Amino acid sequence: PFWLLALLCFGSRAPHPAGEASDCDAMATRSDAFGAARGLGREGPLRAVETDAQMESSFRRLLAAIEAEREDIRSSWQQLQEDREGNAAELEQLRSDTEDWCMSEKAKIDAQWKRLDRLSERMADFWPKEFDIVKINCSGTVYELTRSTLCGIEGSYLAELFSEEHSHAIRPDADGCLYLDVNPHCFALVVEYLQNRRLRVDAPLPVVPKTQLRNMELLAEAWNLTPFLRENRVNPVHTTSLHIVGNTIEATHPGWQLVSSQYALPLANPYAFEVRIRSNPGAGSSGGMAIGVCGHVPVGNEIHSILLPDSVMYTSGNGLIGNAIDHAEVANVRPGCSFEEGCVFAVRHEPSTHSLQWFLDGELIGSSALREELLDDKMRLLFPVFALYVPGQVVQVQFRASIGATRVALTDERR
């Protein structure tokens with residue numbers, strides 16, 4: 001063993017007594033001989049130590065290399081996992097996007113098919129397989145039109161008159177014409193519009209000459225020709241302090257501020273407009289709000305007063321005022337009705353009797369006739385008017401109202 005060889009080596013160099021020198025030398029000689037026999041010289045043990053150190057160093061480097069390689073493999077595996085998860089997420093997003101795109105394209109295709117179906121139906125209406133020609137003599141002017149063309153405005157009297165159900169109710173003359181005793185200029189405009197609708201459903205209205213505006217309005221109201229009916233609204237051009245958005249009116253300063261509608265009421269058929277009270281801080285007090293009609297659009301100082309000439313108005317908490325009715329007519333309408341927040345006040349004009357009917361929350365509170373001497377001049381036109389006095393008052397106007405529908409709606413709200 002190494003320790004024995006080292007002991008023998010160091011022991012040969014130590015001083016010995018005189019009598020023992022020969023024995024030590026002999027042992028050293030035998031040691032050298034033993035070492036030579038094993039292939040080792042005097043430096044054999046040192047070389048063995050150096051070889052072990054080199055082996056240990058090499059082994060440590062090998063372990064470090066193996067650990068580094070293992071770390072590289074672990075890092076590579078982690079990167080592969082991250083790439084796999086990233087690719088999976090990207091594939092899922094691509095799949096979701098593809099499904100959304102397919103659904104969107106399918107919806108577009110379905111919409112186009114529906115559009116084609118509607119166009120086919122319209123084409124069938126415009127160009128039916130069988131043409132039923134109707135000959136009309138309008139005050140001396142003869143027209144030849146298909147029945148489907150004449151019935152082009154749904155809900156109109158013209159469509160009802162020439163429908164298949166009522167076609168046999170009209171007897172043609174000797175020439176086979178159906179006679180219509182109406183304004184020929186206005187009827188020509190209606191025919192022009194109906195013929196244009198065969199080419200384009202949203203065809204624009206023909207230009208009505210100024211001299212025929214009144215006649216066209218009467219014909220449109222009488223026959224319920226909705227494309228020719230003007231949509232009334234609160235006059236957007238005014239000089240008051242009222243804040244007006246659409247048909248909503250709000251008072252911003254104290255004192256009477258009055259505004260009218262942009263157009264007059266139609267006079268061919270009964271017509272009603274209603275006012276819903278959105279806010280009324282002055283409710284319960286005397287006055288503060290007034291609603292009615294006037295024979296003209298108020299101008300100048302008239303916008304700061306409810307005592308308008310050629311008008312009749314119902315004031316909140318009081319009753320009717322104005323010179324457009326006789327004093328005796330005032331008693332025919334219930335006085336003292338207050339315009340509380342949430343209530344609906346309506347006025348209905350009846351052209352056949354030249355009278356006004358007054359409603360509160362759908363209930364008739366009275367009727368008043370207009371003065372006959374004013375009908376052909378100052379009250380030939382009727383403009384709805386609305387007057388507010390207290391800041392914060394807000395009302396919303398609805399033109400062409402249905403009194404019955406209003407009463408049902410209010411009943412449902414209260415329930």
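These legends walk through a few close-ups of a predicted model. Local features need pLDDT of at least 70 and side-chain atom pairs count only at pLDDT 80 or more, while totals for chains, interfaces and linings use all residues. Residues are numbered from 1 along each chain as its sequence is written, and side-chain values use heavy atoms, leaving out hydrogens and water.

**View 1. Here's the largest nonpolar core, with 38 residues.** A nonpolar core is a set of buried Ala, Val, Leu, Ile, Met, Phe, Trp, Tyr and Cys residues joined through side-chain atoms within 4.5 Å; buried means under 20% relative accessible area (1.4 Å probe, protein chains only). Ile-249, Trp-358 and Phe-386 are among the members that touch the most others. Strand 7 (271–279) gives the largest share, four residues; strands are DSSP runs of E, at least two residues, numbered from the N terminus.

View 2. Ser-261 is buried, with a relative accessible area of 0%. A polar atom of its side chain lies 2.7 Å from the backbone oxygen of Tyr-263. Beyond residues up to four places away in sequence, Ser-261 touches (heavy atoms within 4.5 Å) several others, including Asn-232, Pro-384 and Phe-386.

**View 3. Now for an open sheet of seven strands, in the order 4-5-15-7-11-12-13.** The pairing is antiparallel; two strands pair if DSSP finds at least two bridges between them. Strand 4 (243–245) and strand 13 (363–369) are the edges, each pairing on one side only.

**View 4. Zoom in on strand 5 (residues 248–250) beside strand 15.** Three bridges join this antiparallel pair. Ile-249 stands opposite Val-395 in strand 15.

Note on methods. Buried < 20%, exposed > 50% of the residue type's maximum accessible area, 1.4 Å probe, protein only. Polar contact = N/O pair within 3.5 Å; in protein donor to acceptor, adjacent residues only side chain to side chain.
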